[in-house]
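I opened a new page for this one.

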Amino acid sequence: MSASPTPLAQALRAIAIEIAVEAGNLAKDLRGRGVRVAATKSTQTDVVTEADRATERTLIGLLADRRPDDSVLGEEGGLSVTGSSEITWVLDPIDGTVNYLYDLPIYAVSVAATVADPSCADGRRAIAGCVYIPTTGEVFAAAQGGGATLNGERIRPNRLEDLGQALVGTGFGYSRERRAEQAGIAAALLPRVRDLRRLGSAAYDLCAVAAGRLDAYYERGLQPWDYAAGFLIAAESGAAVLGHRDGSAPGEWLAVVAHRPLAEQLRVLTSQEAAPEGWD
Ligand code: LIP
């Protein structure tokens with residue numbers, strides 16, 4: 001973690017906040033007019049709505065005006081802009097799409113400005129990011145070295161070390177095989193913790209740990225757009241962001257986020273001996 005944020009990271013944080021709020025308010029407005037499934041992706045329950053697509057188009061347009069030389073990687077459009085600068089924006093226009101489809105209040109717009117970093121699971125590291133919750137107006141944000149904030153106020157994770165008292169967030173993938181794997185891990189954990197919460201948005205879960213609303217969060221199968229901003233916000237709050245106990249960087253294989261002594265315990269219980277078929 002750098003000592004203090006660079007001017008670039010601070011500027012990118014401000015842009016991330018501005019565009020996440022504008023796009024998130026569009027998503028909320030579209031929700032109010034009614035939402036339908038536009039297509040399915042990996043499975044029949046992995047859905048995308050027209051609002052996902054419209055929100056991502058809005059984010060891309062806002063970035064084209066503000067940062068025309070940057071690259072853009074979005075959940076819906078992939079690497080839709082290849083720029084000449086060192087910055088790649090990683091976007092999840094609506095994280096928690098199923099919650100959004102059912103009009104449940106926990107969904108987020110996740111915007112991260114990243115630089116290349118081969119030590120990271122997907123080769124990128126966020127240096128600035130914002131996770132915006134349109135239903136509550138909550139703005140989680142961070143710049144590398146600048147701490148994490150909620151609506152401008154510094155946030156910090158709970159410092160719980162007793163797993164048996166921990167409220168633990170998690171999530172599940174869309175494929176039956178992956179869900180069976182995840183159910184086994186959740187079943188093994190349930191008697192060992194205070195309780196589990198499946199809130200439906202990884203970006204929100206990561207910010208919830210950063211703000212002390214969850215004691216810990218773990219998930220397997222996340223994509224870069226799910227976690228790019230949330231990992232930075234959690235790390236800048238002071239939480240540990242860990243991967244599998246085999247030493248892998250946090251990412252799709254496994255992400256475990258909590259106050260470090262708790263994260264280390266949880267990592268052991270959620271790691272697998274060998275990568276099951278189909279895990280990257
Ligand atoms: C979701 C994640 C969530 C995970 C879901 C899904 P989406 O992202 O935020 O943590 O459990 O399976 O991947 O698909 O709503 O952008």
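Below are my notes, in the order I looked things up.

**Entry 1: the model.** I reminded myself that this is a predicted model.

**Entry 2: who is around the ligand?** I asked how many residues surround the ligand. I got 15, and the closest are Asp95, Gly96, Phe172, Ala202 and Glu219. I then sorted the shell by residue type: five are nonpolar, four are polar and six are charged.

Entry 3: I went through the ligand's oxygen atoms next. Arg198 has a polar side-chain atom 2.9 Å from one of the ligand's oxygen atoms. For Glu75, a polar side-chain atom sits 3.1 Å from a ligand oxygen. With Ala202 I had to look at the backbone: an N or O atom there is 2.7 Å from an oxygen atom of the ligand.

**Entry 4: where the ligand sits.** Two elements give two or more residues each to the shell, namely strand S5 (88-95) and strand S13 (216-219). S5 provides the largest share, with three residues. Why does the ligand lie between domain 1 and domain 2? Because domain 1 (7-154) and domain 2 (163-270) both contribute residues to its shell.

Entry 5: I left the ligand and turned to phi. Most residues other than glycine have a negative phi, so I jotted down the ones that go the other way. Asp103 is not a glycine, yet its phi is positive, about 60°. I found Asp103 in the loop between helix H3 (97-101) and strand S6 (108-116). Asn151, also not a glycine, has a positive phi near 50°. Asn151 is in a loop as well, between strand S9 (148-150) and strand S10 (153-154).

Notes
Residues are numbered from 1 along each chain as its sequence is written. This is a predicted model: local features need pLDDT of at least 70, side-chain atom pairs count only at pLDDT 80 or more; totals for chains, interfaces and linings use all residues. Side-chain values use heavy atoms; hydrogens and water are left out. A residue is near a molecule or strand if one of its heavy atoms lies within 4 Å of it. A polar contact is a pair of N or O atoms within 3.5 Å; within protein, one must be able to donate a hydrogen and the other to accept it, and residues adjacent in sequence count only if both atoms are side-chain atoms. Helices (H or I, at least four residues) and strands (E, at least two) are DSSP runs, numbered from the N terminus. Ala, Val, Leu, Ile, Met, Phe, Trp, Tyr, Cys and Pro count as nonpolar, Asp, Glu, Lys and Arg as charged, and the others, Gly among them, as polar. Domain bounds come from an automatic or database domain assignment.
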